[in-house]
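Subject: Structure handover

Hello,

Here is the structure I promised you. Please open it first, then read my notes below.

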Amino acid sequence: MSFRHQYVIGDLQGCYGAYQQLLSVLDFDPKQDKLWFTGDLVARGEDSLATLRDVKALCETGAAATVLGNHDLNLLAVWLGATKMKKKDKTAPIFAADDKNELLNWLRHQPLLAYPDAHTVLVHAGIPPHWTIGQAADYARQLEGQLQGSLKQLGRLLPHLYSKSADEWHAGINGFTKMRAIANYLTRMRLCQQDGGLEFTFTSGLDEVIPTGYLPWFDWQVPRERKILFGHWAALKGTIDLPHARALDGGCVWGNYLLAYRLGDGKVITSSAHCPKP
């Protein structure tokens, strides 16, 4: 299908007001345009329920698509009792909603990696230097198969997706350990080593001291056939724009703004509304 415009929008985090304002700035027409979301549809903004409902409705008409982020996976884990709701999250209205099961069943069927056009690939956090984009897509499909299986299967998986320490990626990795590592790379990664070793504690901007031996995943020099569009790292405020990677989380939920990246010409449009700082 041919679209007038396609936009990739950074983490919404439930910032419904800023999201609606951005759609107005874009003059978004669901009959002519398409939106792609970097994941983390929900969590700390003022109305995660309305945001999730709106994105789901657009996706079901073909006017939008999303990948899953770490907060989306956490929402599923809370739903099935695999973890407790975080104190800072404002997602309780989702679990009180009459359509919660419909919303969350839809959410778990969304991909971890997508191809918005012939030149880009979309993931929430990034792709580590020791994976090709093709490998990342294959690993994403493996985890998606687990997320989209029976609820009993999903209930077995979700408790194993969380660990305070990162797993070492190796040729023999398998089972829940492999699924957790895939989730960590695609939805939680910021800093890593060249062989894929992850560092989970650093969430600051690049003006802070980075732990020795680690670099932002996009700073490792790896040839890429597509530009990686990603969110997740709010402290970057969407300032990273490299030939092979583009940051799109503007940190709206922290008092900054939503960003929309227009495919085709790479123009970035910014919302003029933002969430109040928590």
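Is cysteine 192 buried or exposed? Cysteine 192 is buried, because its relative accessible area is 0% and the cut-off for burial is under 20%. Please keep in mind that this is a predicted model.

**Cysteines**

How many disulfides are there? The count is 0. Cysteine 252 shows why: its sulfur lies 3.8 Å from the closest cysteine sulfur, the one in cysteine 15, and that is too far for a bond. The cut-off for a disulfide is within 2.5 Å. Cysteine 252 is also buried, because its relative accessibility is 2%.

**The chain as a whole**

The protein chain has 8 helices and 13 strands. Its radius of gyration is 17 Å, close to the 19 Å that the globule rule gives for 278 residues, so the chain is as compact as a globular protein of that length. Along the principal axes, the C-alpha atoms fill a box of roughly 50 × 40 × 40 Å.

Of the 278 residues, 56% are buried. The accessible surface comes to about 12000 Å². Carbon and sulfur atoms account for 49% of that surface. Now take the contacts between residues at least 6 apart in sequence: 65% of them join residues at least 24 apart.

Start at strand E1, residues 6-9. E1 runs parallel to E2, and 4 bridges join the two.

E2, H2 and E3 make a right-handed β-α-β unit.

Which way do the side chains of E2 point? Lys34 and Trp36 point one way, and Leu35 and Phe37 point the other way. All four are buried, the lysine included.

Most residues other than glycine have a negative phi. Aspartate 27 has a phi near 55°. Aspartate 40 has a positive phi of about 55°.

Where do they sit? Aspartate 27 lies in the loop between helix H1 (16-26) and strand E2 (34-37). Aspartate 40 lies in the loop between E2 and helix H2 (48-60).

Their surroundings can be set side by side. Aspartate 27 counts as exposed, because its relative accessibility is 52% and the cut-off is over 50%. Aspartate 40 is buried, because its relative accessible area is 2%.

Strand E4, residues 113-114, pairs with E5 in the antiparallel sense over 2 bridges. A hairpin of 5 residues joins E4 to E5. Alanine 114 stands opposite leucine 122 in E5.

E5 pairs with E9 too, in the parallel sense and over 3 bridges. Valine 121 has isoleucine 228 of E9 as its bridge partner. Along E5, residues 120-123, Thr120 and Leu122 point one way, while Val121 and Val123 point the other way. All of these are buried.

**A three-strand sheet**

What is the strand order in the open sheet of 3 strands? The order is E7-E6-E8, and the pairing is antiparallel. Strand E7 (198-199) and strand E8 (215-216) stand at the edges with a single partner strand each, so one side of each has no neighbour in the sheet.

Strand E6 covers residues 191-192 and is joined to E8 by 2 bridges. Leucine 191 has proline 216 of E8 as its bridge partner.

**An exposed proline**

Proline 223 lies in the loop between E8 and strand E9 (227-230). Proline 223 is exposed, because its relative accessible area is 75%. How far is it from lysine 88? The two C-alpha atoms are separated by 38 Å, and the residues are 135 apart along the chain.

Best wishes

Terms used. Residues are numbered from 1 along each chain as its sequence is written. This is a predicted model: local features need pLDDT of at least 70, side-chain atom pairs count only at pLDDT 80 or more; totals for chains, interfaces and linings use all residues. Side-chain values use heavy atoms; hydrogens and water are left out. Buried means under 20% relative accessible area, exposed over 50%, partly exposed in between (1.4 Å probe, protein chains only). Two strands pair if DSSP finds at least two bridges between them. The radius of gyration is taken over C-alpha atoms; the globule rule is 2.2 Å times the number of residues to the power 0.38. Contact means heavy atoms within 4.5 Å. Accessible areas come from the Shrake-Rupley method with a 1.4 Å probe; for residues, only the protein chains shown count as cover. A crossover is right-handed if, with the strands pointing away from the viewer, the path from the first strand over the helix to the second runs clockwise.
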